[in-house]
Amino acid sequence: MPKGYWVSAYRTISDPAKLAAYNKLAPPAVEAGGGRILARGSRVVAHDAGIAERTVLIEFDSFEQAVAAHESAAYQEALVALSDGVERDFRIVEGID
């Protein structure tokens with residue numbers, strides 16, 4: 001079964017306090033949903049139209065698990081804390097089996 005991935009590429013961080021609040025709530029929500037953080041805020045080299053800001057990659061055992069974790073109450077609470085504190089491109093993608 002193909003794995004599922006969350007891919008977040010941050011364009012701007014306008015409110016570091018909101019990001020900090022999100023960072024307290026999101027990891028436990030991700031872990032409760034079966035996610036494993038593979039990269040978070042590591043070094044980034046951007047090409048083409050990319051922006052070398054914070055990038056996050058999270059792996060789940062399936063695409064369905066990744067979607068369910070995003071829809072969970074715990075992660076939705078984290079999103080409320082983040083609100084308009086960042087501009088990011090967030091995607092849930094299915095891996096290749």
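In what order do the strands of the open sheet run? The order is 2-3-1-4, across 4 strands with antiparallel pairing.

1. **Basis.** This is a predicted model, in which local features need pLDDT of at least 70, side-chain atom pairs count only at pLDDT 80 or more, and totals for chains, interfaces and linings use all residues. Residues are numbered from 1 along each chain as its sequence is written, and side-chain values use heavy atoms, with hydrogens and water left out. Helices (H or I, at least four residues) and strands (E, at least two) are DSSP runs, numbered from the N terminus.

2. Strand 2 (36-40) and strand 4 (86-94) are the edge strands. Each has a single partner strand, so one side of each is left without a neighbour in the sheet. Two strands pair if DSSP finds at least two bridges between them. The twist averages 15 degrees from one strand to the next. Angles run from 0 to 180 degrees between N-to-C directions, and axes are lines fitted to C-alpha atoms, for helices over the stretch in contact.

3. **Strand 1 and its partners.** Strand 1 pairs with strand 4 in the antiparallel sense over 9 bridges. Gly 4 has Glu 94 of strand 4 as its bridge partner. Ala 9 has Asp 89 of strand 4. Strand 1 also runs antiparallel to strand 3, joined by 6 bridges. There, Trp 6 is bridged to Ile 58. As background, strands of a sheet pair through backbone hydrogen bonds, either parallel or antiparallel.

4. **Ser 8.** This residue sits in strand 1. Is Ser 8 buried or exposed? Ser 8 is buried, with a relative accessible area of 4%. The cut-offs are under 20% relative accessible area for buried, over 50% for exposed, and partly exposed in between (1.4 Å probe, protein chains only). Leaving out residues up to four places away in sequence, Ser 8 touches Arg 54, Thr 55, Val 56, Arg 88, Asp 89 and Phe 90. Contact means heavy atoms within 4.5 Å.

5. **Nonpolar core.** The largest nonpolar core holds 16 residues. Such a core is a set of buried Ala, Val, Leu, Ile, Met, Phe, Trp, Tyr and Cys residues joined through side-chain atoms within 4.5 Å. Trp 6, Tyr 10, Leu 19, Tyr 22, Ile 58, Phe 60 and Tyr 75 touch the most other members. Two or more residues come from each of strand 1 (4-13), helix 1 (16-32), strand 3 (55-60), helix 2 (63-71) and helix 3 (73-82). Helix 1 gives the largest share, 5 residues.

6. **Helix 1 against helix 3.** These helices pack at an angle of about 175 degrees, with axes 8 Å apart. They are therefore roughly antiparallel to each other. The cut-offs are under 35 degrees for roughly parallel, over 145 for roughly antiparallel, 65 to 115 for roughly perpendicular, and oblique for the rest. From helix 1, the contact uses Lys 18, Leu 19, Ala 21, Tyr 22, Leu 25, Ala 26 and Ala 29. From helix 3, it uses Ala 74, Tyr 75, Glu 77, Ala 78, Leu 79, Ala 81 and Leu 82. By class, the residues are 12 nonpolar, no polar and 2 charged. Here Ala, Val, Leu, Ile, Met, Phe, Trp, Tyr, Cys and Pro count as nonpolar, Asp, Glu, Lys and Arg as charged, and the others, Gly among them, as polar.

7. **Helix 2 against helix 3.** The angle here is about 55 degrees, and the axes are 5 Å apart. That makes helix 2 oblique to helix 3. Ala 69, His 70 and Glu 71 of helix 2 meet Ala 73, Tyr 75, Gln 76 and Leu 79 of helix 3. This contact has 4 nonpolar, 2 polar and 1 charged residues.

8. **Helices on the sheet.** Helix 2 lies across strand 1, strand 3 and strand 4, at about 150 degrees to strand 4. Helix 3 lies across strand 1 and strand 4, at about 155 degrees to strand 4.

9. **Loop between strand 2 and strand 3.** Gly 50 lies in this loop. Gly 50 is partly exposed, at 41% relative accessibility. Ile 51 is found in the loop between strand 2 and strand 3, and is partly exposed at 46%. Not counting residues up to four places away in sequence, Ile 51 touches Tyr 10, Arg 11 and Ala 46.
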